[in-house]
Amino acid sequence: MTEAPNRIPRSRQQEAPRAAYRWIGRSMKRVEDPRLLTGHGTYVDDIDLPGMVHAAVLRSPHAHARIRAIDTSRAKALPGVIMAMTGADAADKAGPLPCFANPPVKQMCIAVDRVRHVGEPVAAVVAESRYVAEDALELIDVTWEPLPVMVDPEQAARATGDGVLHPERGDTNIAFRRSFDFGPVNEDFAQPDHVIRRKLRWARSGAQPMETVGAVAEYNQGTGKFTIRANTSMYNYVGWLVAASLGVPAHRANIVPTLAGGSFGSKIFTHRVMVIAATLARACGRPVKYIEDRIDNITACDAHGCDRVYDVELAIKDGLMTGLKCRVVDDYGAYFQFGVGHHGNALSQITGPYRLRSVRLDLTAVLTNKCQQGAYRGFGSDVGNFVLERMVDAAAAELNEDQIQFRQRNFIQPNQFPYLIPTGNMYDSGNYPAVLDKALDLLDYAGWRKRQEEARQSGKYIGIGIATCQERSVFSATEFWMLNKEPGFALTSSPESVSLKMDPTGKVYVALQAPFWGNSPETVATQILAEQLQIDPQDVIVTYSDSDHGLNGTGPGGSRFTVMLAGAVVGAAHQLKHKLIRVASHMLETDASDLELRDGKIGVRGVPGMEKTFAEVALHAHYFRLSMPDDPSLTSGLDAAHVYDHPATTLPTADRKDLGIFYPIMGHMCHLPVVEVDIETGKVKFLAYVAVHDCGTLVNPMTLAGHVRGGVAQGIGTALYERYHYDPEGQLLTASFTDYLIPTLHELPEEIIVGHIETPSPFTEYGIKGGGEGGRMGAPPAVASAVEDALRPLGVRIDALPLTPKQLRSLIRQAQERPSAAAE
Amino acid sequence: MKPPPFEYLRPVDLEGVLAALAQDSEATKILAGGQSLIPMMNLRMVAPKRLVDVNCVPGLNRIEVDHDQLVIGALARHTDVLASPIVRQHAPLLIAAYQHVAHRPIRNRGTIGGNLMHADPASELPAVVLALDAEMVLQSRTGERRVPAGGFFLGVFETAARADELLTEVRIPLASASRRWGFEEMSQRQGDFALVAVAATFDVDSGRCANTHLGYAGAADHALRIAAAEAALNGEIADETALEKAAAAAAEAVDPPADVHADAAYRKDLVRALTRRALSAASHR
Amino acid sequence: MPIANERVRVTVNGVAYERSVEPRLLLSDFLRHELGLTGTHVGCEHGVCGMCTILLDGRTARSCLAFAVQADGCQIRTVEGLGTVDSLHAIQEAFWEKHGLQCGYCTPAMLMAAVELIEANPSPSRDEIREAVGGILCRCTGYQTIVEAVELAAKRTQEVTK
């Protein structure tokens with residue numbers, strides 16, 4: 001990688017990390033919890049408005065078909081039904097849904113003319129109750145003309161004519177096709193010592209939070225304005241796109257966030273549900289509640305995870321990994337809302353924690369008759385980690401080397417940061433050997449190797465897996481367009497804001513621009529604010545701004561929120577502090593530079609007793625400006641707002657050989673699972689699990705550990721249990737929780753030991769790095785590694801997820817039937 | 001997902017239930033625990049015009065010994081069957097199987113009779129009653145009928161009960177103290193229906209196995225015994241060779257269904273492995 | 001032909017209610033929308049996720065798998081009956097301390113399952129705790145801190161009753 005120090009933006013860090021804090025680093029009980037514990041949190045289905053009616057959606061039974069006719073007359077005649085709406089009716093007023101791909105793939109909130117996946121909305125009914133609405137759905141008659149169903153992406157990529165999902169875009173289902181070279185690829189593959197080759201498969205799974213997507217929408221006839229209450233995010237980022245879909249100017253749609261019962265990315269922008277609810281509300285003149293039921297959500301959530309097949313080659317020279325070639329076919333489903341952003345995302349850390357010099361990505365994105373992909377914890381880098389770590393294990397095996405030593409030799413070393421990887425992204429800081437060492441220690445690695453040996457003697461199959469992976473945090477959003485030939489936007493770091501207010505009694509109000517998903521935004525904001533102002537958390541109240549009142553806010557996702565929120569809070573708190581000190585200096589008749597904030601007071605440094613409480617200062621600041629010296633720069637009141645950009649982002653070059661810096665705040669993890677495989681049934685049991693994460697400075701270790709464990713649980717689901725399984729006719733065979741298998745506690749490690757290492761970021765406030773996605777980004781490769789290690793005596797290779805019992809049993813049976821099966 | 005509308009009856013005695021069933025029985029479903037019926041209604045997979053709620057009918061939930069039989073009322077909740085010392089003493093196989101049945105809230109409401117009448121081919125309890133040689137007691141307006149478990153489970157959600165009949169009791173012969181039993185199941189998650197489950201019982205007569213019963217869930221479109229496997233074990237000493245032979249015979253004999261979670265080859269593997277394990281557990285008792 | 005409503009008389013958290021409802025109205029919808037007790041949540045309506053778990057005559061039950069009419073004459077307890085923000089139940093306090101929740105959607109269900117366990121079995125083993133809450137899905141926490149919270153609550157409840 002080129003040493004280009006002037007390419008790395010200057011840090012604007014104002015708060016350096018330090019040895020001791022008062023509030024940061026505490027495992028403080030969460031501010032969010034009391035109302036959740038007592039059943040008083042308001043989720044979207046808890047909302048009840050006067051006159052509110054209920055919507056249900058008719059789901060397409062076909063994977064691909066033209067809608068020849070829809071007759072809603074019988075549905076409309078059912079007592080209790082208020083209206084029925086077809087896609088054509090909806091398209092009269094509502095335009096295409098937001099799409100960040102360029103060129104876009106057109107998606108309507110209710111299908112018009114043709115359906116493109118099972119479960120896609122075909123019509124909607126509004127009735128006095130959800131029960132009656134569902135009765136009415138059964139009375140809608142649709143005349144279908146089936147079209148060829150595209151399920152296999154290779155087949156879909158070759159299709160023309162009626163097999164093409166979006167003919168207006170061209171006679172192909174290939175949505176994107178391009179090859180990228182970063183660094184000296186040809187050189188690295190010219191004369192390597194070894195080339196490791198694998199074909200790897202990552203099947204689609206998804207977030208499936210316990211709460212589905214919903215919206216309660218109203219349309220005010222007098223003002224021509226929508227109010228949409230929804231469990232969505234991004235309403236202070238691109239909320240205006242929903243207004244655009246509804247055919248109104250941005251200020252005529254106010255999006256109000258509700259608590260979300262989990263998201264993991266899937267609620268990042270719930271455009272379709274909001275537009276359906278709002279369109280129905282406008283049409284029928286009453287508030288409309290539309291809540292997806294579980295089948296609606298599984299089949300049509302617009303948030304399936306990645307679905308890829310990779311052909312990978314890894315070049316080795318002198319025992320070091322040099323070049324990586326990936327040919328990938330990604331099955332995007334029927335629409336393309338984020339373009340190939342998931343691949344841009346993966347390129348932020350495609351070489352992992354290793355000193356690989358070159359990368360070729362040969363990417364084909366194909367549209368098929370399935371629910372479209374969306375955002376799911378990892379957003380493409382989860383797959384990147386799996387691919388790379390499988391190759392690393394494969395390399396160690398083929399070179400007959402210890403997996404740990406091979407990694408250690410290839411690691412980027414602690415003295416090499418900031419580090420630029422071949423794609424152009426920067427890793428800001430890290431200490432990968434320390435993370436690995438800590439994990440090995442926490443696991444008692446040597447002890448487990450011994451136990452493994454004993455187990456093998458008695459015919460049991462125990463495996464220890466390893467994954468040493470990156471967790472990038474704080475996206476700048478260039479990943480959504482940087483793989484296109486034309487730039488979609490100029491440079492952004494996707495800002496985040498906070499506004500603060502101290503009232504005359506000294507209480508501080510923090511307004512957030514982004515929703516609660518089960519992350520801990522109120523607690524994080526409170527801890528950082530308390531650190532800044534030396535205020536008691538009891539005196540802080542956090543609220544959520546709707547889009548009418550909000551400032552810029554991109555919201556949770558991409559492990560960005562704690563970092564960005566910290567930046568916003570610091571910026572706003574600095575302003576507030578400055579003003580508090582100014583007012584206090586007048587009240588105490590002291591120089592501002594002699595004053596400090598301590599324990600909810602402002603006082604003279606070194607002179608206890610000479611101080612004023614926040615309440616006293618606030619009262620003065622609000623009411624008694626005129627008793628202070630005249631100065632136009634000092635106004636009444638105590639409020640501050642800050643829009644925070646982290647500046648560590650740069651543009652890609654025009655030839656796309658250098659993608660610039662786009663995801664630099666780089667966390668890292670080491671996962672070490674220990675599993676036992678029952679080779680007769682294919683069942684995998686966890687005997688131990690260690691996860692050590694480096695997320696820089698930790699604000700709240702307890703909540704971070706919660707994310708790690710929850711992420712590991714989802715990663716284990718992806719690795720062993722979960723799959724959206726489409727049959728050759730495009731029917732989704734796993735369309736309910738009976739068949740889409742989310743792990744219960746019995747399937748997971750009883751204890752996930754979480755360790756922390758902190759290498760602060762030089763770029764963020766306090767050196768914080770993101771950590772929300774990491775658990776899920778490390779578990780799948782770690783579990784694959786563990787299962788492969790367990791079955792090493794049989795010579796089973798793990799190349800595909802999920803490793804269901806049926807799948808594992810099949811691999812074991814094949815291995816046992818091979819004449820050259822390795823003996824124990 | 002909301003259920004379709006239905007007419008609701010809640011008779012106060014058995015006679016009321018049977019009278020309701022006698023009239024328009026094809027359009028009527030019995031509502032006991034509801035743990036199988038209500039999900040299907042919520043998914044709109046079934047739309048009965050009429051539900052007859054039997055939860056208020058007295059006398060259908062007893063658990064007691066009657067001469068040489070253990071009698072369990074059809075309306076006995078799984079939780080109560082599982083907690084019963086009488087069942088623990090006389091049908092420990094049932095207790096063992098219950099460790100794999102659903103989760104506590106489902107067991108609190110679900111009834112043994114409801115589960116057996118629902119006849120899901122992947123359900124554990126039909127396999128158990130087959131291994132225990134149980135008798136199903138059916139009542140209708142025209143009288144009582146007893147059907148041995150062996151002839152009761154006919155197909156997917158299909159039993160030998162007529163539409164106008166109510167299952168009132170399950171009668172299990174009291175086993176000799178020396179009768180061995182074993183239960184093994186493979187499911188993807190704890191509490192899920194079985195991919196394959198095996199309920200095994202046999203006597204040991206002069207050191208050799210006799211009267212072997214092997215009941216299976218997940219191996220066919222209904223719960224069944226596998227005679228070939230039973231025959232392979234009868235008369236043999238229960239050593240590793242014999243168990244493996246019986247297991248192989250079982251795997252050979254079945255023609256299992258395939259679904260997204262398990263294909264036929266995998267189910268055969270499971271039949272073989274779990275038969276051997278269940279018999280092994282039984283022989284070590 | 002319209003179906004006649006049925007009368008339901010039920011006591012929830014000690015308060016008696018009487019309503020006239022369609023037979024097909026699910027108990028979960030009855031609690032949430034008829035009675036306005038929205039603390040009990042809905043996740044799947046086919047009995048797998050457990051979000052809707054309540055106590056029905058002292059035993060946990062999935063309220064999406066019961067019709068409201070079946071609860072006639074019954075006693076129901078929901079999360080709203082456990083404690084208030086100013087006076088949390090021991091189990092709520094324990095969940096708070098142990099970080100046994102993130103999004104809060106499964107929390108009412110977990111709390112009711114924990115209450116059923118601890119009231120019947122004041123010193124449950126870890127396996128008994130895992131069995132008691134194991135039928136409820138959580139997508140956020142990985143379950144470990146939920147089990148720790150129930151352990152803590154049981155321990156504290158025992159200490160109080162000594």
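Predicted model: local features only at pLDDT ≥ 70, side-chain atom pairs only at ≥ 80, totals over all residues.
**Helix packing in chain C**

Two packed helices are described by the angle between their axes and the distance between the axes. Helix 2 of chain C and helix 3 (residues 107–120) of chain C pack at an angle of about 125°, and their axes lie 10 Å apart. These two helices of chain C are therefore oblique to each other. Their crossing is right-handed. On the side of helix 2 of chain C, the contact is made by Ile91(C), Gln92(C) and Phe95(C), while helix 3 of chain C contributes Thr107(C), Met110(C), Leu111(C), Ala114(C), Val115(C) and Ile118(C). Sorted by class, this contact has seven nonpolar, two polar and no charged residues.

Helix 2 (residues 90–98) of chain C also meets helix 5 (residues 144–161) of chain C: the two axes come within 8 Å and cross at roughly 135°. That angle makes helix 2 of chain C oblique to helix 5 of chain C. The crossing of helix 2 and helix 5 of chain C is right-handed. Among the residues of helix 2 of chain C in this contact are Ile91(C), Glu93(C), Phe95(C) and Lys98(C), and among those of helix 5 of chain C are Glu148(C), Val150(C), Leu152(C) and Arg156(C). By class, the contact between helix 2 and helix 5 of chain C has nine nonpolar, two polar and five charged residues.

**A sheet and a helix in chain B**

Chain B holds an open sheet of five strands in the order 4-5-10-6-7, with antiparallel pairing. Its edge strands are strand 4 (63–66) and strand 7 (143–148) of chain B, each of which pairs on one side only. From one strand to the next, the twist averages 25°. Strand 6 (residues 135–140) of chain B runs antiparallel to strand 7 of chain B, and six bridges join them. Gln139(B) stands opposite Glu144(B) in strand 7 of chain B. Helix 1 (residues 14–22) of chain B packs on the sheet and touches strand 6 and strand 10 (166–173) of chain B; the direction of helix 1 makes about 120° with that of strand 10 of chain B.

Helix 8 (residues 124–131) of chain B is largely enclosed by the rest of the structure, because eight of its eight residues are buried. The buried residues of helix 8 of chain B include Glu124(B), Pro126(B) and Leu130(B). Just after helix 8 of chain B, Asp133(B) takes a positive phi of about 60°.

**Strand 12 of chain A**

In a regular strand the side chains alternate between the two faces of the sheet. In strand 12 (residues 288–291) of chain A, Val288(A) and Tyr290(A) point one way and Lys289(A) and Ile291(A) the other way, and all are buried. Strand 1 (residues 53–59) of chain A pairs with strand 12 of chain A in the parallel sense over two bridges. Strand 9 (residues 214–220) of chain A runs antiparallel to strand 12 of chain A, and four bridges join them. Which residue of strand 12 of chain A is the bridge partner of Ala217(A)? That partner is Val288(A), and Val53(A) also stands opposite Val288(A).

Terms used
Residues numbered from 1 in each chain as written. Chains lettered and ligands numbered in written order. Heavy atoms only, no water. Axes fitted to C-alpha atoms, helices over the stretch in contact; angles between N-to-C directions. Parallel < 35°, antiparallel > 145°, perpendicular 65-115°, else oblique. Left-handed = near helix turned anticlockwise from the far one by under 90°. Contact = heavy atoms within 4.5 Å. Nonpolar A, V, L, I, M, F, W, Y, C, P; charged D, E, K, R; others polar. Pairing = 2+ DSSP bridges. Buried < 20%, exposed > 50% of the residue type's maximum accessible area, 1.4 Å probe, protein only.
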